[in-house]
Amino acid sequence: MPNKNGNVYGLTILSPIIDDESATPSHDLQIREYLATLPTGEESPFALSPGTHLCRLVVMDDVIYVGAPACEEHLHSKYLVFESNCDCDLDSYLQGLAASVPERLDAIWSHCVGYPGAANPQAFIDYMKACQIETTFYFAAVNDKSVTETLSALQTQRAVTDFIACHQHTKPEQLQKEFTEFMAVLKAAPLPRPGGMAPRRDIKTGGRNE
Amino acid sequence: MSNINGKVYAMNVITPMKPWKTWILRGLFFVLGHVKPLQNDLINLSFIEFARWVILPRRRFPFLANGQVKEDLKYDYLLFFSNFNGTWNQYIDAFSAVLSRGLNMIWRWSEKFPGSVPVTPFKEYIARVQFDTDYYYTAYPYATANDLKSAHIVQSALDSLNQRTQACSPEQFAEAYLKFVLRVQAHLGETGEAPVVS
């Protein structure tokens, strides 16, 4: 199924935006204004809800004319494009969005034709599926890990780097003891929050050429 | 509007295709999806985190009634969404240099596609058919595609070392630890804020 690559789902949604000449500003502009203020870090609605690796929201004003001899044509509606790379499966993912950040979803999609609101999760899921376009070919560099596993692995990578740097030439008994302690600390460490930057670290220096 | 979040760039491209040509492209994507060696160049371009092509037939634009006017189009459209590390120019240059045959196979069915080599008209075409991202989110803005692959290799090696730690002598552990270090040493790169590019 082209929407999936391994355990990752490639969701593509085009929601027609309400075309109302009496709306000021127009609905597409209202979406754009709202999206410009929406946090992209740890407070992002997609960080507060589970399962999003990367996603984007784009107002597509029209199709693009590439020049003669191609025909020039235009869309009747503007579309809100939602492209998401998320953990499978789709129903759980959409349900998670509706349960975690319903106000944010409503603020974005209430400018779209036929949007039922996120208060009714099933209606929300049905609406999103009605606007879904099947992905024709989907590529994922890492396709078998969840968001949680990836954040955990990045945390592990940083911790292991430090451990190795600090334990060169350590005697076997001490190495084994401190490794066991290191694993206990690593296991107990809170998982980094999605959307956040890596912890700031001092630049490590050293070596013969310094 | 922002096409960039941390170390990732979001590219959106839309190109028109004559409807009869989309069937050829569907066939090519089918083959590409099922013959894995054909994806090697794409995989080897290790700065792409996720990418997708979506064929949008002219009569399949979502129509929800409620006053919406149905689209009346002559062309089908090919949408391309990419999440990559680095700059726009680096990306297009690498695409043109490494994947030129593959790209030509995919986009030659789009109207006025000039070919991916030479790179100047290719860049002009992409710039023309690209539209900007209004909102872009990534769960790990400080990591590149290579960082992700490396982190999972380190995690897997560490899990396996940890399992062996439980019942071995310090000397046996030291030997296993050394093998672990040799295995992961190329995957211990630093993640952090993206360099500023101009």
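Predicted model: local features only at pLDDT ≥ 70, side-chain atom pairs only at ≥ 80, totals over all residues.

Guide: Two strands are said to pair if DSSP finds at least two bridges between them.

Strand 2 of chain A covers residues 8–16. One of its partners is strand 4 of chain A, residues 79–87, and the two run antiparallel, joined by nine bridges. Within strand 4 of chain A, the residue that faces Ser15(A) is Leu80(A). Strand 2 of chain A also pairs with strand 1 of chain A, residues 4–5, again in the antiparallel sense, over two bridges. Here Asn5(A) has Val8(A) as its bridge partner. Strand 1 and strand 2 of chain A form a hairpin with two residues between the strands, and in it Gly6(A) adopts a positive phi near 65°.

Let us take one residue of the strand, Pro16(A), which lies in strand 2 of chain A. A residue counts as buried if 20 or more other C-beta atoms lie within 10 Å of its own. Pro16(A) has 25 such atoms within 10 Å and is therefore buried. Which residues does Pro16(A) contact, apart from its neighbours within four places in sequence? In chain A they are Ser77(A), Tyr79(A), Cys112(A) and Val113(A), and in chain B they are Pro62(B), Leu64(B) and Gln68(B). The C-alpha atom of Pro16(A) is 9.8 Å from that of Asp28(A), a residue 12 places away along the chain.

Beyond the strand comes a loop between strand 2 and helix 1 (27–37) of chain A, and Pro25(A) lies in this loop. The peptide bond from Thr24(A) to Pro25(A) is cis, with omega near -10°. A further cis peptide bond leads from Ala68(A) to Pro69(A), with omega near 10°. Pro69(A) belongs to the loop between strand 3 (52–60) and strand 4 of chain A. For comparison, most peptide bonds are trans.

The contacts of Pro16(A) with residues of chain B lead us to the meeting of the two chains. In total, 73 residues of chain B are in contact with 69 residues of chain A. Helix 6 of chain B gives the most to the side of chain B that touches chain A, with 12 residues. The residues of that side comprise 44 nonpolar, 16 polar and 13 charged.

An open sheet of five strands has the order 5(A)-3(B)-4(B)-2(B)-1(B), with antiparallel pairing. Its edge strands are strand 5 (137–140) of chain A and strand 1 (4–5) of chain B, each of which pairs on one side only. Strand 5 of chain A is joined to strand 3 of chain B by four bridges, and Phe139(A) has Ala51(B) as its bridge partner there. Strand 3 (residues 48–56) of chain B pairs in turn with strand 4 (residues 76–84) of chain B over eight bridges, with Leu56(B) opposite Tyr77(B).

Helices take part in the meeting as well. Helix 7 of chain B, residues 170–184, has 15 residues and spans 21 Å from its first C-alpha to its last. Its buried residues are Phe173(B), Tyr177(B), Phe180(B) and Val184(B). They cover an arc of only 60° around the axis, so they lie on the same side of helix 7 of chain B. The buried residues of this helix pack against helix 6 (147–166) and helix 7 (172–188) of chain A, together with helix 6 (145–165) of chain B. The face turned away from the buried side carries the exposed residues Glu171(B), Leu178(B), Lys179(B) and Leu182(B).

Finally, consider how far our strand's chain extends. Chain A is divided into domain 1 (4–130) and domain 2 (147–188), and the centres of these domains, taken over C-alpha atoms, are separated by 41 Å.

How values were computed
Residues numbered from 1 in each chain as written. Chains lettered and ligands numbered in written order. Expected span 1.5 Å × (residues − 1). Buried ≥ 20, exposed ≤ 12 C-beta atoms within 10 Å, placed from the backbone. Arc of directions from axis to C-beta. Contact = placed C-beta atoms within 7 Å. Domains from an automatic or database assignment. Nonpolar A, V, L, I, M, F, W, Y, C, P; charged D, E, K, R; others polar.
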